[in-house]
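The paragraphs below go through one structure. Please look at the sequence and the coordinates first.

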Amino acid sequence: MDLSLCSGAQTCWNSAEEVPIGVLRQREAKWLEMLNSWDKWMSKKHNKVKERCQKGIPPSLRGRAWLYLTGAKVKREQNKGRFEELDNQPGDPKWVDVIERDLHRQFPFHEMFAARGGHGQQDLFRVLKAYTLHRPEEGYCQAQAPVAAVLLMHMPAEDAFWVLVQICEKYLPGYYSTGLEAIQLDGEILYALLRRVSVVAHRHLKKHKLEPILYMTEWFMCAFSRTLPWSSVLRVWDMFLCEGVKILFRVGLVVLKCMLGTQEKVKSCQGLYETMELLKKINPQYMREGFLVQEIIELPVSEKDIEKEHQAQLRRWKENHGDLNCKSPPRMHGAKAIMTAEPPSRQELRQRPTIIVESPLASKTDVVPEDKAKGRIKTTNENGQTTVFPTEEIVNPSDPSPALEHMTIQGSKESLSSAEQDTYL
Amino acid sequence: MGSDDSYNFVFKVVLIGESGVGKSNLLSRFTKNEFMHDSRTTIGVEFSTRTVQLDHLTIKAQIWDTAGLERYRAITSAYYRGAVGALLVYDISKHLTYESAERWLKELYDHADPHIVVMLVGNKKDLETLRTVPTEEAKDFADKKGLMFIETSALDSTNVEAAFNEVLTAIHKKVASKEVTRGSISAVTLSGSLGLTRESQEEQKGCCKS
C-alpha cells in the first residue's frame with residue numbers, strides 16, 4: 001500500500017479519530033479538486049481516489065462525493081425531471097401504506113427523523129415512494145428505509161433517490177427483490193469466505209448449523225448502518241461506495257473473525273442461540289473506526305474471490321433450488337466499474353450548486369450557476385475548450401507530501417471559496 | 001439475559017404477523033418490560049430470553065422476532081426451526097392484519113413442527129376506540145383453527161405476561177405428555193439443538209422430575 005496513506009494523518013488509524021482541522025482542510029481541497037475533474041481522477045488516478053475514501057471523506061463533502069462515486073450524479077443529469085415526475089405521482093396504495101408505517105421507525109433518535117411528519121420523514125417518504133414508482137416490479141423492501149435515511153442525512157431528496165437507485169441496481173442488485181435470493185446467496189458466499197479468514201469461526205458456525213441469513217441479513221441489507229457506531233458507518237460507506245460490496249464482505253468477515261476467531265471465544269458460547277446473541281452484541285473495540293477500517297483494508301478478500309465464490313454458490317443454489325426466480329443485473333464492484341460501464345460526459349459531471357454566494361475571496365470560478373452555465377457551455381463548445389474546470393497544478397496528485405506546505409495555504413483558500421458556493425454545507 | 005441461570009427447559013417461541021402489529025414491542029415488554037412508540041423496524045431476526053417459573057419448574061423462553069413484511073418470508077425457514085410455540089399477532093385496529101392470519105398459519109405449518117403450540121394474539125387492545133376486529137370474530141376463528149386466543153396491549157402491558165405464560169404452560173404440557181415426547185421433533189430438539197451443555201444435566205433432572 002502507498003506510503004502516502006499515512007502522510008499527514010496517521011491519527012486516522014488511531015482512536016478518537018478526530019481529524020485535525022488542518023488535515024481536514026487539506027482533504028477538503030483535495031476532494032474539491034477531484035470532484036472538479038472527476039472523470040480524469042477516476043480513469044487515471046483511481047487508486048488515489050480509493051485511498052482517499054479509505055482515509056475518510058471530509059464530512060462537508062461526503063454527500064457530494066457519494067453522489068459522484070455511485071454514478072448517481074450522472075443518472076440524475078441523464079434523467080432530468082424524472083424524480084419530480086415520480087414525486088408528483090400518488091404511488092401504489094399498497095406500498096404507500098407499508099412505507100408510511102415505517103417512516104417513524106428509522107433512526108428514531110436522529111434529530112432529522114425524530115419528529116413525526118417532520119422534514120426528514122417527509123423526504124424519506126418521497127424517496128422510497130419514488131423508488132416504488134421507478135421500479136414497480138420491485139416495490140418497497142423494509143431494509144431500503146435505513147439506507148435511504150443515511151443518504152438523506154447527507155443530501156437532498158432527489159440526490160438521495162438516485163444514490164438509492166444506484167445502490168439497489170449496481171452495488172447490491174437483487175437484495176431487496178421478492179424472494180430475497182441475492183442476500184441468501186451472499187450469505188453462503190460470506191460463510192464460504194470465512195473458512196479462509198478464520199477456520200475456528202467457520203467450524204463453530206458449521207457445528208451449530210447457524211445459517212448465515214440469521215446473522216448477516218441486517219448487516220448486508222442495511223450496509224451495516226444499523227450495526228456499527230456512527231463514525232464507523234460513515235467510514236465503511238465511504239469505502240463501500242468506492243470499492244463495492246467486497247467492503248461489506250470484509251466487515252462481516254472481520255466481525256466474525258474477531259468475535260469467534262479463537263478456541264477460547266467459541267468455547268464460551270456453546271449453541272446456536274448463544275452464538276447469535278454474541279453476534280448481536282459485537283464488542284465495541286472491534287467496531288471502533290480506526291481498528292475496523294485498518295482490518296478491512298488489510299483483509300485479503302478481493303472482487304475476484306467474491307465473484308469466484310459467487311459462481312460456485314450459484315451452481316449449488318441451482319442444484320438445490322433450481323433457477324433463480326429473480327434475474328438481477330450483474331453486480332458492479334464499485335465506482336470505477338460503474339463509470340467504465342457507462343462513461344459519462346463532462347457535462348453530466350459538472351457541479352451545479354443551486355445556491356451561489358458571491359464572495360470576494362472566490363477569485364476563480366470553478367463552478368457556475370445553472371443559468372449562467374448554459375451560456376458558458378455554448379462558448380465552451382465553440383471554443384472547443386473547457387474553461388470551467390480548475391487547473392491541475394493546484395494539487396499534484398502523485399506527490400502530495402512535498403507540496404504539503406503550499407497545499408495548506410492554497411487548500412484553505414480553495415476550501416473557503418468553494419464552501420461558500422456549496423449547496424450542502 | 002439470565003443465560004447462566006439453571007433451568008429445566010428451554011422453549012423457543014416465535015412471533016409472527018404483519019409488519020407494524022407490535023411484535024417487537026410484545027417481545028421487549030415481556031423480556032425487558034420496555035415499550036417504544038418508535039421502535040426500529042425489524043430487519044432479519046431479533047431475539048431475547050426470559051426465564052420464568054411455572055409451577056415448580058424453571059423455563060427459559062427464547063423469543064424470536066422477525067420482520068413481518070411479506071418479502072422476508074423467503075428467509076424464514078431457519079427462523080422456524082426448533083420452535084415449539086408461536087404467537088400469531090395482529091392489530092385489533094387494522095382488519096387487514098387479521099385477515100392475513102390464515103396465510104401466516106399456513107406458512108407456520110409449512111415450516112414448523114406440526115405439534116407447535118400456536119396462540120392468536122390481538123395486540124393494541126389499548127386502541128379500543130379504533131377497533132375493527134371484534135373479539136368474538138377472532139375468538140371464533142381461533143377456536144375453529146384450534147389456536148389459543150388472547151388480546152393484549154404491549155403499550156399498557158395488558159395480558160402480555162398471560163399470553164406468554166399460557167403458551168409456555170401449554171408447551172410444557174405437550175412436552176410432558178408421552179404422545180409428544182415420542183415422535184415429536186420439537187421435544188427432542190429441546191435439549192439437542194437449542195444449545196444446552198453445562199446445564200444439560202440439570203435439564204435431564206428436570207425432565208425426570210416432571
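What follows covers a helix pair and then a pocket.

The model is predicted, so to speak of local features needs pLDDT of at least 70, side-chain atom pairs count only at pLDDT 80 or more, and totals for chains, interfaces and linings use all residues. Residues are numbered from 1 along each chain as its sequence is written, chains are lettered from A and ligands numbered from 1 in the order written, and side-chain values use heavy atoms, without hydrogens and water.

Helix H10 (residues 144–152) of chain A packs against helix H11 (residues 157–171) of chain A at about 135 degrees, with the axes 9 Å apart. Helices are DSSP runs of H or I with at least four residues, strands are runs of E with at least two, and both are numbered from the N terminus. Axes are lines fitted to C-alpha atoms, for helices over the stretch in contact, and angles run from 0 to 180 degrees between N-to-C directions. The angle makes H10(A) oblique to H11(A), because angles under 35 degrees count as roughly parallel, over 145 as roughly antiparallel, 65 to 115 as roughly perpendicular and the rest as oblique.

The largest pocket holds about 1,000 Å³ of space, a volume being the space filled by probe spheres set on grid points joined across faces, edges and corners. A pocket is an open set of points on a 1 Å grid over the protein atoms alone, where a 1.4 Å probe fits, with protein on both sides within 12 Å along at least five of seven lines; lining residues have an atom within 4 Å of a point. Among the 42 lining residues, A:Lys280, B:Lys32, B:Arg40, B:Glu46 and B:Phe47 are the closest to the centre. H14(A) gives the most to this lining, with 7 residues. Elements that give two or more residues to it are helices H14 (212–221) and H18 (272–280) of chain A, with helix H1 (23–32) and strand E2 (45–54) of chain B.
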